[in-house]
Amino acid sequence: MIRLFPTFVLALGLALSGWLLAGPALQGTEAFAAEPVHKVAVHVNENDPQRMNMALNNVQNMQSFYESAGQKVEIEVVAYGPGLHMLRADTSPVKNRISAMSLEIEGLTFSACANTLQGMAKNEGKDITLLSESRTVPSGVVRLVELQEGGYAYVRP
């Protein structure tokens, strides 16, 4: 056992020196790691052009900020209830902005609540057409919960 002790100490010393020497080398790998992707959920549930424009201003400001910092951002605008008018082809006061922003901003998604869409269609007695830049999700509220559970920050202008 006495003979094994120096061998053990030598092996431990070599292992620790390798770990200590590798420390500075491993610190440099952080620069090669993927930049973080910021994830933001924007909530729109009011049929108010000012709120809709504020939400779109928030989207543009976030995108500009992160782009200037050399970082990526994924933004999902979720509209439900009266806010669904934001994404309706016939009533959206911001459809031109949405069209332009969808082309300009990578990682931007517009989600429309299918529950609200069905309710509006039933109340109005007609099919409701959404903007081509939007997609439907089963429930706007559930989508916001899912996004937050997935690490998205929540913004409600």
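**View 1. Polar contact between the side chains of Ser111 and Glu76.** The side chains of Ser111 and Glu76 are joined by a polar contact of 2.6 Å (a pair of N or O atoms within 3.5 Å; within protein, one must be able to donate a hydrogen and the other to accept it, and residues adjacent in sequence count only if both atoms are side-chain atoms). The model is predicted: local features need pLDDT of at least 70, side-chain atom pairs count only at pLDDT 80 or more, and totals for chains, interfaces and linings use all residues. Residues are numbered from 1 along each chain as its sequence is written, and side-chain values use heavy atoms, with hydrogens and water left out.

View 2. Ser111 lies in strand β3 (strands are DSSP runs of E, at least two residues, and helices are runs of H or I, at least four, numbered from the N terminus). With a relative accessible area of 0%, Ser111 is buried (under 20% relative accessible area, 1.4 Å probe, protein chains only). Apart from neighbours within four places in sequence, Ser111 is in contact (heavy atoms within 4.5 Å) with Glu76, Val77, Val78, Ala79, Leu87, Arg135 and Val137.

**View 3. Strands β3 and β4.** Strand β3 (residues 108-113) and strand β4 (residues 134-137) run parallel and are joined by four bridges; strands pair if DSSP finds at least two bridges between them. Thr136 in β4 is the bridge partner of Ala112.

How values were computed: Buried < 20%, exposed > 50% of the residue type's maximum accessible area, 1.4 Å probe, protein only.
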